[in-house]
Amino acid sequence: MNFIFYGILIKILINPSIVSLGAFVSHVRLIPSESVFLLLLPALYFFNNYILEYKKLALLKFIILIFLIIYFQHRSVWTASFAAFALNLFILIRQNALNFKKVLPYILIFSFTFLVIFSLVATKSPEVVKKINQDVNNILNPQEDSTGSWRIMQFEAYWPFVTKHIVEGMRLKGFELPVQFFSSENGSQLFKSNTGHHFHSYYIDTLFYFGLIVLIVTLIVILIPIIKIVVNDIVWFFNFYLEFRFRF
């Protein structure tokens with residue numbers, strides 16, 4: 001986790017233009033989404049490290065990583081981060097590992113500092129706030145966003161091929177399938193033939209080429225703890241229900 005954290009800092013020191021204000025406002029993302037997704041792992045790790053052991057340095061690292069995740073403005077990473085932290089908090093609460101009395105003062109300090117910084121940025125650089133509002137609006141209204149509408153078009157065009165080969169996927173036949181999208185200006189192919197179909201969704205990409213089997217295998221590390229949590233909740237609710245009926 002430290003290797004990832006210090007690795008991104010070294011990359012920024014070597015090329016400071018990666019985190020320039022102009023790049024943010026112009027939506028120039030100099031680090032691909034795969035690399036930014038990787039930052040989510042140490043962010044969760046350092047957050048939990050602080051919650052469980054109250055290490056101040058871990059909290060600082062977490063804040064820096066969250067700032068970078070927001071800055072690089074890959075909206076898919078934003079959505080995944082929100083879902084991941086919601087699930088992480090749920091697990092901490094279920095395990096009675098979240099001590100609100102010890103954490104609350106730092107949450108208040110962090111919130112106050114964030115509000116001060118946000119107010120200064122809004123005053124000095126209103127275009128930054130405008131850009132963040134635009135990105136959030138694009139997440140909430142994907143049909144109005146060019147990237148969101150493009151993903152919807154891809155889903156609608158390729159889903160019939162996915163359902164036809166849902167178990168095993170198309171594999172190499174997927175590369176042989178003709179390109180499904182063409183330029184509205186001159187009618188040329190948007191992608192070169194036999195180079196794949198350049199999906200903007202990991203799930204559609206995996207289902208299209210490798211099918212449901214490989215998708216389940218790649219997600220099984222995530223699914224097992226989620227299933228355990230759900231099963232434990234069902235058992236807890238069932239026991240509570242039996243006790244309730246016994247008492248009344």
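Predicted model: local features only at pLDDT ≥ 70, side-chain atom pairs only at ≥ 80, totals over all residues.

Which residues of α4 are buried?

Analyst: The buried residues of α4 are Ala 58, Leu 59, Lys 61, Phe 62, Leu 65, Leu 68, Ile 69 and Tyr 71. One of these is a lysine, Lys 61.

Start with the helix itself. α4 has 16 residues. From its first C-alpha to its last it reaches 23 Å, close to the 22 Å expected at 1.5 Å a residue. After α4 comes Gln 73, with a positive phi near 45 degrees.

Take Ala 58 in detail. Ala 58 lies in α4. Its relative accessible area is 5%, under the 20% cut-off, so it counts as buried. Ala 58 is 12 residues from Phe 46 in sequence, yet their C-alpha atoms are 4.9 Å apart.

The axes of α3 and α4 lie 8 Å apart, and the two helices pack at an angle of about 150 degrees. That angle is over 145 degrees, so α3 runs roughly antiparallel to α4. The crossing of α3 past α4 is left-handed.

Ile 4, Phe 5, Ile 8 and Ile 12 are the buried residues of α1. They cover an arc of only 105 degrees around the axis, which puts them on the same side of α1. An α-helix has 3.6 residues a turn, so residues three or four places apart point the same way. The face of α1 turned away from that buried side carries Phe 3, Leu 13 and Ile 14, which are exposed.

Next, α5. This helix covers residues 75-94. Its 20 residues should span 28 Å at 1.5 Å a residue, and its end C-alpha atoms are 29 Å apart, which agrees. Buried in α5 are Arg 75, Val 77, Trp 78, Ser 81, Phe 85, Asn 88 and Leu 92. Seen down the axis of α5, these residues fall within an arc of 145 degrees, so they line one face of the helix. Asn 96 follows α5 and has a positive phi, near 55 degrees.

What joins these helices? The largest nonpolar core has 28 residues. Val 36, Leu 39, Phe 62, Ile 69, Phe 72 and Phe 85 touch the most other members. The elements that give two or more residues to this core are α1 (2-14), α3 (33-53), α4 (56-71) and α5. The largest share, nine residues, comes from α3. Two of the α4 residues in the buried list, Phe 62 and Ile 69, are among the core members with the most contacts to other members. Phe 85, buried in α5, is also among them. In soluble globular proteins, nonpolar side chains tend to be buried together.

There is a second, separate core of 15 residues. Its members include Trp 150, Val 162, Ile 204 and Tyr 209. Thr 206 belongs to helix α10 (residues 202-247). Its relative accessibility is 4%, so Thr 206 counts as buried. Thr 206 and Val 162 are 44 residues apart in sequence, with their C-alpha atoms 9.5 Å apart in space.

Arg 171 lies between α8 (146-164) and α9 (172-176). Arg 171 is not a glycine, yet its phi is positive, about 50 degrees. With 47% relative accessibility, Arg 171 counts as partly exposed.

Finally, the whole chain. Its secondary structure comes to 10 helices and zero strands. Of its 248 residues, 29% count as buried.

To return to the part you asked about: α4 packs against α3 with the axes 8 Å apart.

Methods: Residues numbered from 1 in each chain as written. Heavy atoms only, no water. Helix = DSSP H or I, 4+ residues; strand = E, 2+ residues; numbered from the N terminus. Expected span 1.5 Å × (residues − 1). Buried < 20%, exposed > 50% of the residue type's maximum accessible area, 1.4 Å probe, protein only. Arc of directions from axis to C-beta. Core = buried A, V, L, I, M, F, W, Y, C linked by side-chain atoms within 4.5 Å. Axes fitted to C-alpha atoms, helices over the stretch in contact; angles between N-to-C directions. Parallel < 35°, antiparallel > 145°, perpendicular 65-115°, else oblique. Left-handed = near helix turned anticlockwise from the far one by under 90°.
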